[in-house]
Amino acid sequence: MWRRAYLFLVLVRLYFALSPSYLHPDENFQGPEIIAGRVFSYQVHLTWEFTAVQPIRSSFPLWLVYGLPMFVLRAIWEGFGHDEITPVMVYWALRALMFILSFVLEDWALWELVQSPRYRRSAVLLTASCYVTWTFQTHTFSNSVETLAVLWSLVLAGRIVEDKHSGLFASALLAFVFVLGTFNRITFLAFVIIPALRLLPHFRRKPLSLLVIVSVATCTAFSAVVLDTIFYSSEALTLDKLFKHPIITPINNLLYNASVDNLSEHGLHPYYQHLIVNLPQLLGPAFPLAFLTYRKTIRLACAVTGIVALSLFPHQEPRFLLPTVPLILSSLRIPRNYFRLWVATWVIFNVFMGLLLGIFHQGGVIPMQAHIASWQEPHAVLWWKTYSPPRWLLDGSSESIRTIDLMGMPADSVIKNITGTIRCPEDGSFPKELGKPESVILVAPRSAVFLDRFVLPEAEAQVTLEELWHYSNHINLDDVDFGDDGVWPTLKRVVGRRGLVLWKAQKKCEK
């Protein structure tokens, strides 16, 4: 029975992995967007993390997780005599890769970490039935990679401790994973403190194992620093430059996040945000069980150290706690006296969150950008009330497509931007010798009711909008305003008028 349930949940995970929801801009701009520009020479948008004087994101894990698959895809595609592979195909290939990594590495790690056959199935099924596994873990987040690194650090540390011999191969692999996890996210260290301490008695008995770990970790870290120094340098790398001005991104990252002034630019939260708000959001009905019916495991202890350490920083987002989800779920007992009721609540919660975040959440951004990429004529595309669109998905069209991200700009300012972007040949604002002016396009959610007054055929304003295309499975949660509009009117607008719309903008030009 449990095998059929597990297979069904794997298919559910695959379905959500191949659904175009968009959970956070970082899933593109901290990974695929950057590497795609190097592998395929696409025009990309570099965020501040990669352009700062002291960059805080390492390219080392990006090349391993995204760069190598991109190179392989390009070689296979061109090997069959085709033109260069399209960005949309690369995008879905990476999603499929994240599904495989989650399905194989995460589930395998849990199967090995939970020693008791009685609890092993429950741990794997709980994690496989969690919407976090379906959505966040199958997206290209550094947090998803961090989860795998934490789990396999636990696995390898356990193999080393239990091995009657020195466990040299496991030691070498652990050193590599340790460095990879650290360069991927500095917060990784908070989750592996306890496994590292457990290894100390082993190192006293088997000093050769310690020597292997130190040697491999040093070589891997040195390679990562060299790769990052080359990645962020505009000039050829020399030994003098490497030793005098190395780019050590984990240190830069730690120093940046140690400053409250820096974090205030991204939003400050109370120190209890992770425990009181973010963790219940991730675990749902499993959250109270973490305090009432838990098993004392090293996994749970690692989750606690991670939560405590991350709570010391005032900028706290739910995805920062992704590694805690399998660690906690694999340490829970479901009380027998209300087993069916709890399972029913668990299923309802995860189905609702899975549909919301796995299908509808900013679900139109990727299909919309793929649609725009097929255009050949010059266009200025203004995006309003959406997450930043990945520029690399435009492929070669990025030369003729000008992307303007208006973010959450006030409505009146949006109309002013549209008016200022449109050029009229008749009134001299666009010289005739430059040829055909670019068309101006507005992409915005249908729930933005402010735009209704400008939509043809009823509109009689200076600026008019003509709908050209739309994608229905799109909900903008940032547009939720229960305080001012009320609960039912807000739901009626945001959910009832779901969808992302592409409008052609025009204005009445002077003759």
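Modeller: A residue is called buried when its relative accessible area is under 20%, exposed when it is over 50%, and partly exposed in between, with a 1.4 Å probe and protein chains only. Helices (H or I, at least four residues) and strands (E, at least two) are DSSP runs, numbered from the N terminus. The model is a predicted one, in which local features need pLDDT of at least 70 and side-chain atom pairs count only at pLDDT 80 or more, while totals for chains, interfaces and linings use all residues. Residues are numbered from 1 along each chain as its sequence is written, and side-chain values use heavy atoms, with hydrogens and water left out.

In helix H1, the buried residues are Trp2, Tyr6, Leu9, Val10, Val12, Arg13, Phe16 and Ala17. They lie on the same side of H1, because they cover an arc of only 160° around the axis; the arc is taken from the directions from the helix axis to the C-beta atoms. The other side of H1 carries the exposed residues Arg4, Leu7, Phe8 and Leu11. The cover over the buried residues of H1 includes helix H6 (87–113), helix H7 (117–128), helix H8 (131–134) and helix H22 (339–360), where contact means heavy atoms within 4.5 Å. The length of H1 can also be checked: its 16 residues (2–17) should span 22 Å at 1.5 Å a residue, and the end C-alpha atoms are 22 Å apart, which agrees. The expected span is 1.5 Å times one less than the number of residues.

The 14 residues of H20 reach 20 Å from the first C-alpha to the last, close to the 20 Å expected at 1.5 Å a residue. Its buried residues are Arg299, Leu300, Cys302, Ala303, Gly306, Ile307, Leu310 and Ser311. Viewed down the axis of H20, these fall within an arc of 160°, so they line one face of the helix. They pack against H6, helix H9 (142–162), helix H11 (188–191), helix H12 (193–198), helix H18 (273–283) and H21.

Ile328 belongs to helix H21 (residues 324–329) and counts as buried because its relative accessibility is 3%. Neighbours within four places in sequence aside, Ile328 is in contact with Leu279, Leu283, Ala290, Leu300, Ala303 and Ile307. Of these, Leu283 is 45 residues away in sequence, yet the C-alpha atoms of Ile328 and Leu283 are 8.9 Å apart.

Gln362 sits in the loop between H22 and helix H23 (365–372). With 1% relative accessibility, Gln362 counts as buried. Its contacts beyond four places in sequence are Pro20, Tyr22, Lys385, Thr386, Tyr387, His474, Ile475 and Asn476.

Charged side chains come next. Side chains of opposite charge can pair when their charged atoms come close. A salt bridge here is a side-chain nitrogen of Lys or Arg within 4 Å of a carboxyl oxygen of Asp or Glu. Nine are found in the whole structure. One of them joins Arg95 to Glu27, with the closest N and O atoms 3.6 Å apart. This pair links distant parts of the chain, as Arg95 is in H6 and Glu27 is in helix H2 (residues 26–29), 68 residues apart. Arg95 counts as buried at 1% relative accessibility, and Glu27 is buried with a relative accessible area of 1%.

A second bridge pairs Glu317 with Arg319, whose closest N and O atoms are 2.9 Å apart. Glu317 counts as buried at 15% relative accessibility, as does Arg319 at 6%. A further bridge connects Arg446 and Glu467, at 3.2 Å between the closest N and O atoms. Here too the pair links distant parts of the chain: Arg446 is in the loop between strand E3 (439–445) and strand E4 (463–471), and Glu467 is in strand E4, 21 residues apart. Arg446 is partly exposed, with a relative accessible area of 24%, and Glu467 counts as partly exposed at 35% relative accessibility. Salt bridges that share partners also join Asp26, Glu317 and Arg319 into one network.
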